[in-house]
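Here's a quick briefing on the aromatic side chains in this one. Have a look at the rings first, then read on.

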Amino acid sequence: MVNIAVFISGSGTNLQAIIDGIKHKKINGNIKLVFSNRKNAYGLTRAFNEGIDTFYLNKKNFMNNEEYDERIIEELEKRNIDLIVLAGYLNILSKNIVSKYSNRIINIHPSLIPSFCGDGFYGENVHKAVINSGVKFTGATTHFVDEDVDTGSIIMQDIVSVSINDNYDTLAKKVLEIEHKILVNTVKAFCENKIIFDKNRAFIMEE
């Protein structure tokens, strides 16, 4: 069984989707740790309610990202973590952690990468940019994390339409629904060792 750590910064709805996927035996994994860089993130409460270990770390107590992530790595190693899932984690990982867990860190992003991604594209910034651009479709993407922002190999994507009546809130809700779906399916595929690579591209083996 795959040992999973989920990193969050907010309410943790994607975390909840993974928890439910495990409960329903869709995911052959076990969440060993939920980490947050924000003390009051509701996702920590979700984890506590499920009996999952939680860990909060204040970045201000460290000199730089490297020292911060080294402390996180200590907690990951204690629990023999195989997979890290960034589920709304609003912090850039250092090279130390990315290198140590190469091809074992998955992120969910609320757009169709390579559009509306990179520095500054997170949360409502993404959906507002989508609406202002006039595109007719957007969606969500799961991808592996590398040393740059939102540039790792894409694993899964799904789309939603952008209607004339959409605003930030309505579009965010539509995208969040497919985030939950593709994140669970991506974690499921990883736990079943069904993600394969072709150069810098990642694919899920068909059933």
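F35 is buried, at 0% relative accessibility (buried means under 20% relative accessible area, exposed over 50%, partly exposed in between, with a 1.4 Å probe and protein chains only). Keep in mind that this is a predicted model, where local features need pLDDT of at least 70, side-chain atom pairs count only at pLDDT 80 or more, and totals for chains, interfaces and linings use all residues. Residues are numbered from 1 along each chain as its sequence is written, and side-chain values use heavy atoms, leaving out hydrogens and water.

**Ring pairs**
- Rings of Phe, Tyr and Trp (its six-membered ring) pair if their centres lie within 6.5 Å; planes under 30 degrees apart are stacked, over 60 edge-to-face, and the rest tilted.
- That rule gives eight aromatic pairs.
- One of them joins F7 and F35 edge-to-face, with 5.1 Å between centres and 65 degrees between planes.
- This pair bridges distant parts of the chain, 28 residues apart: F7 sits in strand β1 (residues 2-8) and F35 in strand β2 (residues 29-36) (strands are DSSP runs of E, at least two residues; helices are H or I, at least four; both are numbered from the N terminus).

**F7 and its other partner**
- F7 has a relative accessible area of 0%, so F7 is buried too.
- F7 also pairs edge-to-face with Y89, at 5.2 Å centre to centre and 75 degrees between the planes.
- Y89 lies in the loop between β4 (83-86) and α4 (95-100), 82 residues from F7.
- Y89 is buried, as is F7.

- Ring pairs tie F7, F35, F55, F62, Y68 and Y89 into a cluster.
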